[in-house]
Amino acid sequence: MTGLTQAIGAYAASAPQAPPADLLPLLRAAFIDTLGTMVAGREEPAVALLRAHLAERGSTAAEASVLLGAERAHAADAALVNGTAAHALDYDDVALGGHPSTVLVPAILAEAERISASGARAMAAYLVGYEVWAELIAREPDRLHEKGWHPTAVFGTVGAAAALAALHGLDAARATQAVALAGSLAGGLVANFGSMTKPLHAGRAAASAVEAVRLAARGFTASSDAMEHHAGFLAALSPKGRADRDAPVKLGETLRIRETGLNVKRYPMCYATHRTIDGVLELVARHDLRAADVAAVEAHIGVTQASMLRNHAPRTGLEAKFSLEFAVASAVVARRVGLAELTDGFVARPEVRALFPKLRITTRDTRCPLEPAFAETDRVVVHTTRGDVLDSGEIRFPRGAAQNPMEEAELHAKFADCTRGWNGGGALLDQLSRLETLPALAALGGGRA
């Protein structure tokens, strides 16, 4: 009987050259949003340090564009930098317990550019990566975050390898080897959230997928049961050893992306904060609240969400991305939570910091069936200095979720905000809206990389 690893390889090898027509808008949005967040993150310190490191190491390869500029690098290095930049601001999309596009898009674009693959083929490869990721995470009943594993880093590496195997047209045997090899290259710790290493997880996953597929294409071997073996990928990651390694493989029966979709971030913060931010902003607007009006705030969120939001008194914009205290304070003080607020200067403002100790976090151990790391709902209650108690009610889906999507104009506004000050944005958005032949993207990076 064919095992899980071989089934994934067979699925990647049999992928169509183009995705179903009804999914084109969703897939285009994934590429548009990811490249927007990549450009927005291009000058973050983590990206600058990574580029300096790669320059010191040196490479003569010039296979793919780095940050859509004139610089070119080995495809794995381009994927590493681009994936790190796309995740550096924590503004990239969310699904399947992690951030699918920030791994899949940089890996696919780098290799698609190298082999001159079409946009349609790139989107079909993305679909393969998403579905493999969905198949793997569906087999784990427990929350990887609580064990310390970052799903983006671990599932992303394997999903991206499957995507690239499809993009390259590897046969089933070599696609299986690529997936198995990727399992050994995967890793990433939740303990590093709020540091430069967190976005590196995404870049490293994309780069490892490139390496795994190119090694497998040369005949490099790995175990053909690496996913399902009792000492394999799923068992090693499983928090309580309950991963289902034996269930029939559902790849190809239905497309899970139609059920779970993609959640586009409205705020450049950990997604665990978004429902709370929506709730606070709605109460602030409805009751015209100011910082001086707030006596206390209660946030009712999931156990895993609370464990990710570890920075209760952040000092920097990077730390603030994983702080519910900051999320609430920004929503009250600035009446928004955007790129302009995620700066060291704004975090240090006295009126912002004064609100941090006013937040009380209460955890609830329910589980969202679509995003298992989150509670089924969040809730916000604001106590005012006048004695009023303002309740958001239960918040199921944040704005931008697949079930509560932003309008196309909002998506374009986010892209424009992400690419502000970079003069390739308009042309790139127009190109991506059609997603024509991908090598043309290299010529569109008119801004400073």
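## Starting at G279

G279 touches V380, S392 and I395, leaving aside residues up to four places away in sequence. This is a predicted model, so treat what follows as a tour of that prediction. G279 belongs to helix α13, which covers residues 274–287. Is G279 buried or exposed? With a relative accessibility of 4%, G279 counts as buried, because the cut-off for buried is under 20%.

G279 and R379 lie 100 residues apart along the chain, yet 7.2 Å separates their C-alpha atoms.

## The strands around V380

V380, one of the residues G279 touches, is also the bridge partner of A299 in strand β5. How do β3 and β5 run? Strand β3 (residues 294–302) and strand β5 (residues 379–384) are antiparallel, with 6 bridges joining them.

Strand β5 also pairs with strand β6 (residues 389–391), again antiparallel, over 3 bridges. In that pairing, V382 sits opposite L390. The hairpin of β5 and β6 has 4 residues between the strands, and G387 takes a positive phi near 95° there.

## Two nonpolar cores

Now for the greasy parts. The largest nonpolar core has 95 residues, and the ones with the most contacts inside it are I8, F31, Y126, V132, L136, F155 and F233. Helix α6 (residues 119–137) gives the most to this core, supplying 12 residues.

Which residues does I8 touch? Its contacts include V132, L136 and A162, not counting residues up to four places away in sequence. A second, separate core holds 43 residues, among them A299, V328, L355 and A373.

Key: Residues are numbered from 1 along each chain as its sequence is written. This is a predicted model: local features need pLDDT of at least 70, side-chain atom pairs count only at pLDDT 80 or more; totals for chains, interfaces and linings use all residues. Side-chain values use heavy atoms; hydrogens and water are left out. Helices (H or I, at least four residues) and strands (E, at least two) are DSSP runs, numbered from the N terminus. Buried means under 20% relative accessible area, exposed over 50%, partly exposed in between (1.4 Å probe, protein chains only). Contact means heavy atoms within 4.5 Å. Two strands pair if DSSP finds at least two bridges between them. A nonpolar core is a set of buried Ala, Val, Leu, Ile, Met, Phe, Trp, Tyr and Cys residues joined through side-chain atoms within 4.5 Å.
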